[in-house]
Amino acid sequence: MKTVFNSALGAAGIALLFLSACKKDNGATLEVADATKPLTAFTCAAPAEGTNYSIYPLGNGGAGVGDVMPYYDAASNTSYIYYLRDIWNDATRQHHPVNAFTTNDFVNYTQTAAGEVLSSNSATCAQDFAIGTGSVVQRNGTYYFFYTGDNPNAAGCTNQKQGILLATATGPGQKFTKQASFATIYAPSNQGYDFNDNFRDPYVYFDAPSNQYLMLVAARKDVGGGNFKGIIAKYTSADLLSWNYQGVLYDGGADNFFNMECPSVFKLGSLYYLLFSDQGSQQVFYRKSSSLNGPWSAPSGTARLDGNGFYAAKFITDKFNDNYLMAWVNRQDGNSDTGNRMFGGNLVVHKLYQQANGDLAVTIPHTLQANLEAKAVPLVKNAQAGDVTSGANNTYTLASTPTFLNSVVFDPIQATHFKVSTTVNYASADKDFGFMLGACDNYNGFYSLRFIPSQNRFSLDKTDRRNVTVSSTTVDVPFKMSPNTDYTVTIVEENSVVVVYLNNTAALTCRVYRAPQSSWGLFADNATATFKNLTVTTSN
């Protein structure tokens, strides 16, 4: 009887076939290991979720960070990151109030002394019974905070579920005062808008050429025959108090987005960029145009820079004229990798830049990279399976066959936050290769952070290898690859937040509860891949 070994299961089954090692002429070592005998037991149980976040902060009091509303204040040279604090019906009877961080380096974050800068209204029929996303703009020394009033009790009241409200302050770190005299902006009548819900997330932008303010609002609208789709509505104002409806700025074009949440617009060079988060797919997209009024076109490359773990993204430029993209990475119910996706979580910030063709790209903030390179963390190899060629400077080549998954497993990294760096190059990849997280063994029981060149994407899969196919995914990002080409990879972890940067152009933000203090490593499945100069560093 002929025995056939599956690539996800074959490591233990055929380890006994590999009993010796040999020396290559080039001085590299071809190591063959018994996959069933690690030096020490693997560690793969999810530890208690940490609360000691710093580079990816939680909200005030350990609450989740919801939608962010960043604002750079030129007067104080400080970046303010307002956010919806994910509390609901707690002892203070608040429903997503607004708090704020300040930062000057996107590494260290401080809660503002004012604490809660905008509170919800406990009155049952108040328009802002709950607070929704908004934006801050400054004019003549007054800070205007336009925000969403969301009333889930509206069916029994006289107002609508969602409307746009205003609060003001004389300083960006102060508590904002609600302006009752401001006329609430509701969805325009007789225009086919959804009056039951879905009119929210105002973003205000000053257009210097026209000397007026533009307000974007996420909404849903009947585009004909009862066919509703997500659109971005447009309003204009000269004084921030009186607003005029100007129709639809963008309707998604050929795409039918359920709702383009948290829209915003910004300009880099001669191009305008429209950023929004699709409520249906939970992914962030962007469009670009040579005019603030459109037409808006998809980039020549990928239209999204991250996966669905990075949501409600907003843009900011800091005092050094560096650009950043920030959002929240979702938590999961019960702090479990199998739990349902929850609203809010930790703040994650990418550095954003414009490529030569006008497309956007993201990479690790240079300040965070420098912070995490202060101290080296030694690599301790625990086990491996298959033909693994080890070279200088922690370089590994894994040449997997169709029936054998090759792997190298390292001991857990004992640091709250750290950075893993390497350069990846592949010769062939009929299936995939990448990184093992939460490894219970070195052939099946691990989560896969994997390159899939045949589909031009990078994916996280929280499932045992026996259930992983080429097309399966938990969360992914488009990433085009070619063989025999070097690609840099940077993985940043802090407790259960895992952020991967790919060749300084794309990112994959993830929540992996099994990652902290767990065995991890490299793998290749029906692929030949080299991981060069694998290093781990952390801050002081």
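This is a predicted model: local features need pLDDT of at least 70, side-chain atom pairs count only at pLDDT 80 or more; totals for chains, interfaces and linings use all residues.

Residues are numbered from 1 along each chain as its sequence is written, and side-chain values use heavy atoms, with hydrogens and water left out.

The protein chain contains two helices and 33 strands; these are DSSP runs, helices being H or I of at least four residues and strands E of at least two, numbered from the N terminus. Its radius of gyration is 25 Å, close to the 24 Å that the globule rule gives for 540 residues, so the chain is as compact as a globular protein of that length. Here the radius is taken over C-alpha atoms, and the rule is 2.2 Å times the number of residues to the power 0.38. Along the principal axes, the C-alpha atoms fill a box of roughly 80 × 45 × 45 Å. Of the 540 residues, 59% count as buried, that is, under 20% relative accessible area with a 1.4 Å probe and protein chains only. Among contacts (heavy atoms within 4.5 Å) between residues at least 6 apart in sequence, 59% join residues at least 24 apart.

Strand E20 (residues 341-354) has two partners among the strands described here. With strand E19 (residues 323-332) it pairs in the antiparallel sense over nine bridges, pairing requiring at least two bridges found by DSSP. Within this pairing, Met 326 has Val 349 of E20 as its bridge partner. Strand E21 (residues 360-363) also runs antiparallel to E20, joined to it by four bridges, and Lys 351 stands opposite Thr 363 in E21. E20 and E21 form a hairpin with five residues between them, and Gly 358 in the turn has a positive phi of about 90°.

The largest nonpolar core has 42 residues, and Phe 433, Leu 449 and Phe 451 have the most contacts inside it. Such a core is a set of buried Ala, Val, Leu, Ile, Met, Phe, Trp, Tyr and Cys residues joined through side-chain atoms within 4.5 Å. Beyond its neighbours within four places in sequence, Phe 433 is in contact with residues including Tyr 426, Leu 449, Phe 451, Met 481, Phe 523 and Phe 531. Another core, of 31 residues, lies apart from the largest one and includes Leu 325, Val 348, Leu 368 and Val 497.

Definitions and conventions
Buried means under 20% relative accessible area, exposed over 50%, partly exposed in between (1.4 Å probe, protein chains only).
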